[in-house]
Amino acid sequence: MTLGMINANPVVHAKRERIIRSEDIHSDDALDALDVFDSVRDIKDPEHPYSLEQLSVLSEESIAVDEKLGRIKITFTPTVKHCSMATVIGLCLRVKLMQCFPPHFKVDITVSPGSLANEEAVNKQLNDKERVSAALENPSLRQLVDECLYSNELYSY
Amino acid sequence: MEKPSTLISHIEAFVDSARVLNQHAKSVDAISSLIKNDLLTLEALVREMELYLTSTDHIIRGRGTLLLAEVLNCLLEKPLDSHTISILVEFFTAKLEDWQVLWGVLVGCLALLKRTKKFGMVDNSDARTLAKSFLINVQVQSLAVRDRKGDDLVYGICEAIDEEKDPRCLMLNFHLVEILGHLYPDPSGPMASFAQDIFDILSRYYPIYFTHPKDDGLDIKREDLSKGLMNAFSSSPFFEPFVVPLLLEKLSSSLLSAKLDSLKYLNSCLYHYGGKRMVKHSRVIWSNLKDVIFNFSPERPLLTDELDVDMKSEVNQIRMEALNCLETALSCFDFSEQDSFLCLIIDDPDIGTKLESLTSITSYSGTSAEIQRDLSAIGGIFTSIAKVSIYCCNKVFLKFFPCLMDVLGVSRNHSSQFCITNHKTVHGGMNFGALFLSVELLSSSRELSLVSNIAAEFIAESKSWFFMLKSFSMDLCHVLGSVLRTSNTSMVASEKEGVLCAVKGLQSLSTFPSSCSPISEGCYEDVLEILMSIITGRSDETYLWNLSLKALVQIGLWIESASGHDSARGICYNKVVEKILSMLQTNDSMVSLSLKLVAISEIANVGQYVLSIIRALEDAIISSLVACIQGGLKSSDSLVGLLECYTSRVLPRCCTSGSFDDVAVQFSINIWNQLENVSVFNTDVTMQNVLDQVMITMKLLVAGCTVENQSLILKKAHCVILSMDFLKTQPFQSIHGIIALSCRDKWIASLFGSVVIALRSQTPLTDMKGILNLFLILLPEGNLPAAQALASMVNKCPSSINEPEISARLSLDQACEDILKLCLWTLESNSHLKQYNFLDRDICSQRSIVLGMAWVGKGLLMRGHEKVTEIAMFLMKCLVSDSNEDITLQQQKENGKGVGMDANSSLATSAADAFHVLLNDSEDCLNKKFHATIRPLYKQRFFSSMLPILLSSIKESGSTSKKIALYRALGHIISDTPLAAVLAESKKIIPALLDTLAISGSETSHKKIVYSLLLVLSGILMDDNGKVTILENIHTVIECLIKLISYPDLMIVRETAIQCLVAMSVLPHARIFPFRPRVLKAVATALDDRKRAVRQEAVRCRQAWASIASRSLQF
């Protein structure tokens, strides 16, 4: 697809400690940002054997959840401004969320403002239902997404 | 092919030892060139040489073997097939035993081992056997031939181990070198001259870098290799000039494992090479160790165990190993060497400056990690030095202790007045660094005093650590006390450390051996006073309080272990125990009762006080029990707490000390006395808690006694029984009919039941008839202890009585008959047993009888008595009988619809739950603790006999309400039987189990059964045979699980149902594929579950089922 890597030498950050939720038998566990973050933090970067969390593409703070309105909003930050992988990352996020959360949630995925040169175009592409499903029918793209989602060759530092 | 004759001439030329050397060489060349050019095969050669190789003349045999070996040596680059090689290896391996031809064999072995892969190599197993044989035969025998073969042998081994890569061989090689080292300790011997060569070979492996896959079946770990190499390194002091520089070089490696290894090796080498050889390295060793210790010490010297140690375990290991090294180094040097090494350490300018900066810091809160690390490093170094010997301890004390004391503001004079003279102790805050280091020195000197005998003259010597410690101890003690006094309630980490240090210091001060205790009796009392004041006055500071309590217990244990020659201190300590016990009586609000009980049960760790503690607790219990039953106690909580502490924390300590029986008899008879004396009981509702707890206590007391003592208690209890209120109106031997129990009667009856439950089977029940009768009257009243006592009686009663003279005892069969009268269903109205008619009883008493019968049945079932079938039939009757419905109809007419329905279903439900009682292990009675007779596999037997009956009656039953009860009973039976037995019947079980789940799934009251059945189902799913059965019923199983995904009452049911579905996703795809869409759809709803755990499980399940076809979730 591309010659050489887009960001050959990314900055790797430490993983955050996993929070083990305490069990409360009597109350309901509302869906919150940490739930969403827990489900997407280990997605592998398309280019590197690091997770999105390690590359600081995502954090718990960049996720907003409104359970009553049924909305999940994720804002992610590509590592470099001209990152052509942003759409793949967005696609991975969407597939993962489709798997992990009930279909009645409306999922908005955007890149964080000012982090990408063609920000608007990418945002539009990421939230276009037709284009997402078309992308998922593309076998090579599908394979790339699956690799990111199910990879277990993450380096842990 | 070459003519045999020329070949033989060559062979003969070589074998003849009279010929000159170059003739030998010529014949070897000739033969090997024949083979190289394929004119002769090795096999043919061996065949030709047969005579020479097996000759009885050892010279000819030796020459023959050597020839073969030399030829092989020339054929290193000639491809040979593996078969030939393995035959040759076998030959040489066998020949290793033949010491007269050893030379030739060795050359041959070497020639074979040198072969590379390209031309056919010795395979691993052969090499292994060879090396083994080598070890067995050569090592032992080489002692005899050392003079001749020594050099060759060492050289040979050198060659053999060179470049070896197989871990198994490596292990052998390392071992080989180790043995060599021990074999040739002579400085002019072969080991000395070959040391460098061997080291060159060995050093390549260091540090061991081992990346073998885990399951290669070899079972050799990196640690094993590393240990082997370490032993090899330290086997011979001749390695010293090479090893030490290498180790020190690797010590500076950044790889943690290499560092750790280096330290371990260094330690071992120091130990084995001895001080003489190592002394020249001492300067370098110290500077290296210093680096390691300062860099790898924990940041919080004391609270490390509160941080997660696991994460830094390697770092911690490195530190420990470095300190070990330091200790070994110090202890392996001679006196003068030790002295110079010691000076090197304690006069080290780094330590001096660091110490100075540490002791000049005023506040330790918020200091940098580096300072903390320095502190713990210096503490570690001090401890290691002081532990080595008295001399070292003296040195380090002389050098540092006075100045530490100075910083703490402790004066050397014996003035008991503690005065703050030093300006460094500002704001009342102690210098933590000095505090920490002095406490470290203190505790390590204590450890030293434990292991070494300290002579009297040494104590008097003014330059000894002991003298110094003694002169400071009084004030040091007060300083530590003041640290505790001034510590505030808000405990930040640094404050905690100060407190921990001070408590540790006080504890060390008061636990020196009596021959060399640095503190006076008065001071000792002060220490106890300080700790006690915390126990009594500062219970709100949990951390401090717990520490003090622990220290007190340790001091007590110390006194106990050193009792006899330390009686003065023992008396001091007695006062402490008395004070703690007196806290029970006083009703102050300073310390809560639960904390008092914690303190008491901790002190009970000190064996000699157990009895007095028990006594005090008993007094407290009895007085508050009397108050309670007379109605003079506001809250029963304190009594329950006391009883709990008594039974679960203090009583077990009694068992180990052997005084249990006396205590138990006394206390239980005491309780009975109280019951006897109080004539009217308080009828408060809260009494039930107390009664339950008293019953537990009584059971445990009785259960632990011997047969004789149990009889004593039983006798007493029997006397009290006779004073029961209702017996005023009718004699004990012939009580009948429905009786009204007063509160006192209820207590007495329940406690008597408890006594009977806990009896041993050998203990004779006097007046068994009367007791049985009493319980039989109580049982329909809903008295559970009576039912359990009956069950215990039938469980333990001897099946036949040999002594007919004891007429009061009943045989087991008679007892059963009496009991089973309760289950008589309907009777002719003119029968003399009319009173027992089950159907005439009201619903409450019916239910009590059902439950009671379940217990009795359990007792019978556990001993394997056949009468249990009658009880089972009775329960079945309750479940399905038509007359059951008759009652309903009657009662519906009488009471109106709702109540009647309730009563009907509740009797059936009771009968169903009775099966749970029958099969479930109980804590209350009929277990090992209470001496039950337990026949192996009784559950399995009952299961297999009941299963067909239940299944057929389910088939026959018409109405749904009856079905529900039957399924409930089945559910109990299935879930309470061990899984293995259920699996064997899985074919029959599965359909019924699924029906049960389907029916129970709609009832809230069944949720426990649903869960346990689901667990059984998942158990079947995990089993290979079970899977087959599941597959036969796959449709129903999946339908059932899908229904349970939305089970509203119990989260864990939903979670387990989804887990079962996950487990099913690995069944053969062809069978489960048709269900994929349904499962995915059902699981999708669980993504929206209220509970997080269910949602996460649902994601997993969805993944598993989706990936059957593709990862796409579109279907």
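The model is a predicted one, in which local features need pLDDT of at least 70 and side-chain atom pairs count only at pLDDT 80 or more, while totals for chains, interfaces and linings use all residues. Side-chain values use heavy atoms, without hydrogens and water, residues are numbered from 1 along each chain as its sequence is written, and chains are lettered from A and ligands numbered from 1 in the order in which they are written.

Chain B holds 52 helices and zero strands, where helices (H or I, at least four residues) and strands (E, at least two) are DSSP runs numbered from the N terminus. Among the contacts of chain B with a separation of 6 or more, 75% are accounted for by residues 24 or more positions apart, a contact being heavy atoms within 4.5 Å. Its accessible surface is about 48,900 Å², with 54% of that area belonging to carbon and sulfur atoms; such areas come from the Shrake-Rupley method with a 1.4 Å probe, and for residues only the protein chains shown count as cover.

## Cysteines

Over all chains the count of disulfides is zero, a disulfide being a pair of cysteine sulfur atoms within 2.5 Å. C393(B) is in no disulfide, and the nearest cysteine sulfur, that of C392(B), lies 8.4 Å away; C393(B) is buried, with a relative accessible area of 0%.

C572(B) is likewise in no disulfide, with the nearest cysteine sulfur, that of C523(B), 11 Å away. This residue, C572(B), also counts as buried, at 8% relative accessibility.

## Fold and dimensions of chain A

Chain A has five helices and three strands, which follow one another from the N terminus in the order α-β-β-α-β-α-α-α. The radius of gyration of chain A is 16 Å, in agreement with the value near 15 Å that a compact globule of 157 residues would have; the radius is taken over C-alpha atoms, and the globule rule is 2.2 Å times the number of residues to the power 0.38. Along its principal axes, the C-alpha trace of chain A spans about 55 × 40 × 30 Å.

## Burial and surface of chain A

In chain A, buried residues make up 48% of the 157 residues, and 69% of the contacts between residues at least 6 apart in sequence join residues at least 24 apart. The accessible surface of chain A is about 8,800 Å², and carbon and sulfur atoms contribute 53% of it.

How values were computed: Buried means under 20% relative accessible area, exposed over 50%, partly exposed in between (1.4 Å probe, protein chains only).
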